[in-house]
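Open the structure in a viewer and keep the selection panel at hand. The stops below say what to select and what is there.

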Amino acid sequence: MAARKRPCWVAPGDGADHINVLPLELRAQIAAFLPFWHVVQLSVLSRPWRHIHHHAHVVKIYLDDFIHPNDYVFAMNPSLPGAVDEGAILGLLLALGRRAQDACASKVDALFLHDYTVTAGSRMPRHAARIIALADARWIRVAVAHAGLDPARVSWALDLPPAALHLQVFGEYRLAPAIAGPGAAALLELFLNKVSVSEWPPCPCLPSLRSLTLDDVDVEAAFAPAAWCPLLEHLGVFSSRIEQARVDIRLPLLKSLEMEDVNIRPHEDFLDPFGEVAIDAPELEELELRSTTGATAVYRSFTLRAPRLRHLGYHNQSVAGEVDIDVGRPGSVRAGSISFESNVEIMCPEMKLCRMQMMRMLEGLLPELSPEDVANAARPHMKLDKYSVEGFEVGEMIPEEKLTCDLSAVMSSLKL
């Protein structure tokens with residue numbers, strides 16, 4: 001018996017064109033998922049799409065689409081210069097220029113500029129600068145083209161347009177850009193990823209900056225953000241290295257500070273206590289300082305002045321010397337925890353040293369109580385967990401301990 005043919009599936013509908021009758025704003029929102037050059041090409045479809053690229057609120061541009069590699073294997077060394085398709089670039093700039101002159105066009109909310117080339121002698125940075133100026137976006141993301149694990153240290157700059165408020169830079173281990181242009185003075189948020197800061201600040205001054213995030217950043221220069229962004233309210237430093245002996249965070253308006261796996265030492269092989277961390281922030285309300293076991297060098301000293309602090313999360317960062325904490329009124333810190341982990345296989349202090357540091361921190365939080373009273377108040381809310389984790393050798397289990405103090409429970413029990 002012959003197999004019965006399955007009937008072809010037909011999409012339900014009345015055959016009418018429902019795309020072109022959509023509002024212009026909705027069609028532009030859909031088109032914005034495409035690279036901008038493809039959005040420009042949509043303008044030749046029909047009259048309703050003629051100026052669709054004037055209304056896409058997000059502009060995505062992949063610069064490597066305009067570079068034709070010469071006779072080399074592109075994947076092996078993408079930093080080598082290729083032949084720039086000047087005609088296509090000029091067409092792109094013309095489309096952006098006409099949009100900028102169109103009084104009915106929508107403002108660009110976000111500009112994604114991928115594969116930015118930081119290579120001496122390349123023409124692409126000049127084209128990229130023109131793209132940034134014409135788009136005049138409020139939110140700008142620049143992703144530098146990958147250039148291997150040891151890219152050349154080439155200085156470069158980003159001139160921000162007047163509308164710019166938020167800037168993200170993914171540097172692929174290049175030098176951080178010098179930030180300038182008419183939008184630098186009004187910039188509110190700066191995010192840097194995988195860059196090296198050899199000269200701090202990377203710009204003369206960002207007087208309006210409210211939020212700064214450093215992720216996987218090498219800071220080779222002195223780190224004192226108050227000198228160039230005095231109005232900072234949020235500071236986050238993650239998986240970064242600071243090659244200076246002193247980290248001085250003195251910000252009068254800072255409200256939240258996050259530091260996770262911040263390694264303060266002159267080079268990777270330096271193991272002695274090195275960093276002197278000083279935080280002086282009269283408006284600070286939340287502080288999170290975390291470290292993976294054995295991931296960061298021991299700090300030489302830690303000083304905290306934060307009379308308005310309400311939340312403290314301090315996890316695993318050891319301090320060899322002085323721990324000086326002043327949070328104003330005793331018991332003002334109402335939430336958070338302090339914890340330490342000790343592992344015999346990883347270089348980290350013994351648990352008895354961790355317990356001593358914890359008690360020094362608790363005494364700073366409760367200065368009006370004697371050390372004995374602090375110990376008595378904290379003891380019911382301290383927990384020591386013992387367990388095993390897999391070691392470096394496959395199948396080998398290593399004992400580990402974790403000591404935790406619940407600050408919320410301690411402060412509630414004291415009824416301060």
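**Aromatic pairs**

Select Tyr 116 and Trp 156: Tyr 116 is buried, and Trp 156 is buried as well. This is a predicted model. The two rings form a tilted aromatic pair, with 5.1 Å centre to centre and 40 degrees between the planes. Tyr 116 belongs to strand E4 (residues 110-116), while Trp 156 sits in the loop between strand E5 (139-144) and strand E6 (157-159), so the pair links parts of the chain 40 residues apart.

Next, select Phe 302 and Tyr 314. This aromatic pair is edge-to-face, at 5.6 Å centre to centre and 65 degrees between the planes. Phe 302 is in strand E19 (residues 301-305) and Tyr 314 in strand E20, 12 residues apart. Both residues are buried. In total, the structure holds 6 aromatic pairs.

**A loop residue**

Move to Ser 318, in the loop between strand E20 (311-315) and strand E21 (323-326). Is Ser 318 buried or exposed? Ser 318 counts as buried because its relative accessibility is 9%, and the cut-off for buried is under 20%. Leaving out residues up to four places away in sequence, Ser 318 touches Val 298, Tyr 299, Pro 349 and Gln 357.

**The parallel sheet**

Now show the open sheet of 4 strands, in the order E14-E17-E19-E21 with parallel pairing. Its edge strands are E14 (246-250) and E21, each pairing on one side only. From one strand to the next, the twist averages 5 degrees. Strand E17 (residues 276-280) is joined to E14 by 5 bridges. Zoom in on Arg 250, which stands opposite Asp 280 in E17.

Definitions and conventions
Residues numbered from 1 in each chain as written. Predicted model: local features only at pLDDT ≥ 70, side-chain atom pairs only at ≥ 80, totals over all residues. Heavy atoms only, no water. Helix = DSSP H or I, 4+ residues; strand = E, 2+ residues; numbered from the N terminus. Buried < 20%, exposed > 50% of the residue type's maximum accessible area, 1.4 Å probe, protein only. Contact = heavy atoms within 4.5 Å. Pairing = 2+ DSSP bridges. Axes fitted to C-alpha atoms, helices over the stretch in contact; angles between N-to-C directions. Phe/Tyr/Trp six-rings, centres within 6.5 Å; stacked < 30°, edge-to-face > 60°.
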